[in-house]
Amino acid sequence: MRRRCELVPVLVLAGCNTIFGLERTVLVDAEVVEEDADLFTVDRDRDGVPDDMDSCIASIADAELDVEGDGQPNKTDPCPFDYGTVDTDMDGVFDDCDPFPNLTGDRMRCVMTFASAPINRALWEVRDGEWHMVAGFLGIVTPGTVVAAVPFEAPIITTYDARISSGPSAVTLWVRTGDVASPTDVGCELRGNTTNTTLSVLGAPSAMTTVGQPIVQAIRLRATISPLAPAGMMNLRCSVAFTATSVVTQVGGAVALPAGRVGFTFEAATGAVYGLTVLERDDTPSL
């Protein structure tokens, strides 16, 4: 049986230093964040590439770590949070991580393990609530929303694959939101309890499905956006897999796409985002 990487909340909250290690460069030292605030506005990950030209705004450690321990660093691992073995379409992305497992052309653009606390604080803006911005995860102190300071979306199709440990109530992976919440924001929402969970496409009221799994556990929440899909066609697909079963449930809808950036909302005072993979492709297959 294929093994899977199960990063449980206890590991996320209690073992970040051991799991994620330390940066190799002094440029991410927490003590210099305030002094170099102007630099962060153009090069938040301090890799020498301006944000508007950087395909992956993440720390060096995010790329060099081997999160699931398969001997392959994140930057070259097509499935950095899972022990993938099957690649049906042979595009280099294992089926576990591939948003289009039967259609070649997907590629991983960026992986984030939130290994650098200073970069977390520079890249993720707290809209409301209180958040831990520490090495290893973005975690809730009080319910609220955090939004990326820059867009990660590709011009054609982008998939956000988030690894989350969640408490009860609801968690949302926003695809397009901003510094101020708007009724037109769109994303993927899990809402439930310790028995059942509803997966919904926010922005498409009828696009929802019920999952017979509790929300209180480690989950994998994925959103795929196709901004150039023909009018009236599905342009946002949401999927969820619970660590306990690995069964993927998905739902999609046609939504109006406002301007905005990726973000996360937790409606309970427990939960953390401990991994985010950004994938993309150059064509626009049907979702």
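Let me start with one link. The bridge of Cys 79 and Cys 97 is right-handed, with 80 degrees about the S-S bond. Both cysteines sit in the loop between H4 and S1, 18 residues apart, and the pair links distant parts of the chain. The sulfur atoms are 1.7 Å apart. Cys 79 and Cys 97 are both buried. Keep in mind that this is a predicted model.

Now the chain as a whole. There are five helices and 13 strands. The chain has 287 residues, and 54% of them are buried.

How many disulfides does the count come to? Three.

Next, Cys 56 and Cys 110. Their disulfide has an S to S distance of 1.9 Å. The torsion about the S-S bond is about 60 degrees, so this disulfide is right-handed. Where do the two ends lie? Cys 56 is in the loop between helix H3 (37-40) and helix H4 (60-64). Cys 110 is in strand S1, residues 107-112. So the pair ties together parts that are 54 residues apart in sequence. Buried or exposed? Cys 56 is partly exposed, at 21% relative accessible area. The cut-off for buried is under 20%, so Cys 56, at 21%, does not count as buried. Cys 110 is buried, at 3%.

On to Cys 188 and Cys 238. Their sulfur atoms are 2.0 Å apart, and they form a disulfide. Which hand does this one have? The torsion about the S-S bond is about -80 degrees, so the disulfide is left-handed. Cys 188 lies in strand S6, residues 186-192, and Cys 238 in strand S10, residues 236-242. The pair therefore ties together parts 50 residues apart in sequence. Cys 188 counts as buried, at 0% relative accessibility. Cys 238 is buried too, with a relative accessible area of 0%.

Last, the pairing pattern. Number the bonded cysteines in sequence order, and the pairing reads 1-4, 2-3, 5-6.

Conventions. Residues numbered from 1 in each chain as written. Predicted model: local features only at pLDDT ≥ 70, side-chain atom pairs only at ≥ 80, totals over all residues. Heavy atoms only, no water. Helix = DSSP H or I, 4+ residues; strand = E, 2+ residues; numbered from the N terminus. Buried < 20%, exposed > 50% of the residue type's maximum accessible area, 1.4 Å probe, protein only. Disulfide = S-S within 2.5 Å.
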